[in-house]
Amino acid sequence: MNDAVQFHSKIASGWESNYASDVFSVRMKVLDELLAGHDLTGQNWLDAGCGTGTLARFLAELKGCKVLGVDASEEMISRCAPAPNTEFRQIRDICETGLPDGACDGVLCSSTLEYVPDPLAALRELRRVLRPNGLLLVSVPNAHLIARWPVLAIYWLTKYFGRRRWFEYLDHSKHCFSKSRFRALLGSCGFRTDSMRTWGGYMDRPQFWDRAPS
């Protein structure tokens with residue numbers, strides 16, 4: 001188990017409550033906006049890095065699709081509340097989902113790629129499990145200085161001098177991306193970027209809507 005998985009396992013008990021905050025709940029709003037007008041009824045979706053399954057349940061309930069949520073943390077998976085049209089499964093990491101080629105009509109990967117050792121390998125695996133012309137919804141941290149440096153400054157100051165640490169997840173979040181760099185990374189895996197959103201103030205996080213080639 002790598003350090004990022006251990007970190008998230010330790011905070012699994014309070015993870016679901018995060019979605020009561022604006023910082024987390026906006027993810028559902030952005031998903032709803034990106035999928036507006038698209039009928040996912042009966043489709044098979046993968047939530048890669050599902051945590052306690054909040055977004056997987058959201059997709060299944062609001063969009064009528066069947067969602068498999070996978071996560072490397074046993075503690076996160078154990079806290080996934082059962083819901084219609086959802087299934088949750090622990091895997092070693094999202095670079096090895098164990099799913100057949102083209103098994104999914106869509107893939108959601110929210111706030112996960114920054115923690116994996118090799119984002120390129122993870123994207124290639126998500127591309128493999130997508131059917132031709134399938135959809136990938138993925139969010140990553142914004143590398144723009146205006147978005148990144150205020151957070152990093154607080155992180156470093158509180159890490160060594162603060163009584164209470166802020167943004168402790170940055171101990172394990174190793175990757176951030178500019179828009180152009182992430183577009184290029186997606187393109188190298190065969191994705192076509194159709195739409196992009198940013199959200200979150202200082203923590204603006206590009207949200208890309210990508211389509212696998214037909």
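Mentor: A residue is buried under 20% relative accessible area, exposed over 50%, and partly exposed in between (1.4 Å probe, protein chains only). By that scale arginine 128, at 29% relative accessibility, is partly exposed. The model is predicted, so local features need pLDDT of at least 70 and side-chain atom pairs 80 or more, while totals for chains, interfaces and linings use all residues. Numbering starts from 1 along each chain as its sequence is written, and side-chain values use heavy atoms, leaving out hydrogens and water.

Now to the pairs. The structure holds 9 salt bridges (a Lys or Arg side-chain nitrogen within 4 Å of an Asp or Glu carboxyl oxygen). Arginine 128 makes one with aspartate 101, at 2.5 Å from N to O. This pair links distant parts of the chain, 27 residues apart: arginine 128 belongs to helix α5 (residues 119-129), while aspartate 101 sits in the loop between β3 (86-90) and β4 (104-110) (helices, H or I, of at least four residues and strands, E, of at least two are DSSP runs numbered from the N terminus). Aspartate 101 has a relative accessible area of 59%, so it counts as exposed.

Turn next to glutamate 96, whose side chain meets that of arginine 92 in a salt bridge of 2.8 Å, N to O. Arginine 92 is exposed because its relative accessible area is 56%, whereas glutamate 96, at 46%, is partly exposed. Asp93 comes in here too: Arg92, Asp93 and Glu96 are linked in a network of salt bridges.

Further along, arginine 192 pairs with aspartate 194, and their closest N and O atoms are 3.1 Å apart. Both partners are partly exposed: arginine 192 has a relative accessible area of 44%, and aspartate 194 stands at 35% relative accessibility.

Leucine 59, beyond its neighbours within four places in sequence, is in contact (heavy atoms within 4.5 Å) with Leu35, Trp45, Gly64, Cys65, Val67 and Leu108.

Threonine 54 lies in helix α3 (residues 54-63), and its relative accessible area is 10%, so it is buried. The side chain of threonine 54 makes a polar contact of 2.8 Å with that of glutamate 16 (N or O atoms within 3.5 Å, one able to donate a hydrogen and the other to accept it; residues adjacent in sequence count only through two side-chain atoms). With neighbours within four places in sequence left aside, threonine 54 has Glu16, Tyr19 and Met28 in contact. Helix α1 (residues 3-10) has buried residues as well, namely Ala4, Val5, Phe7, His8 and Ser9, and these pack against α4. Where α1 starts, a side-chain oxygen of asparagine 2 comes within 3.1 Å of the backbone nitrogen of alanine 4.
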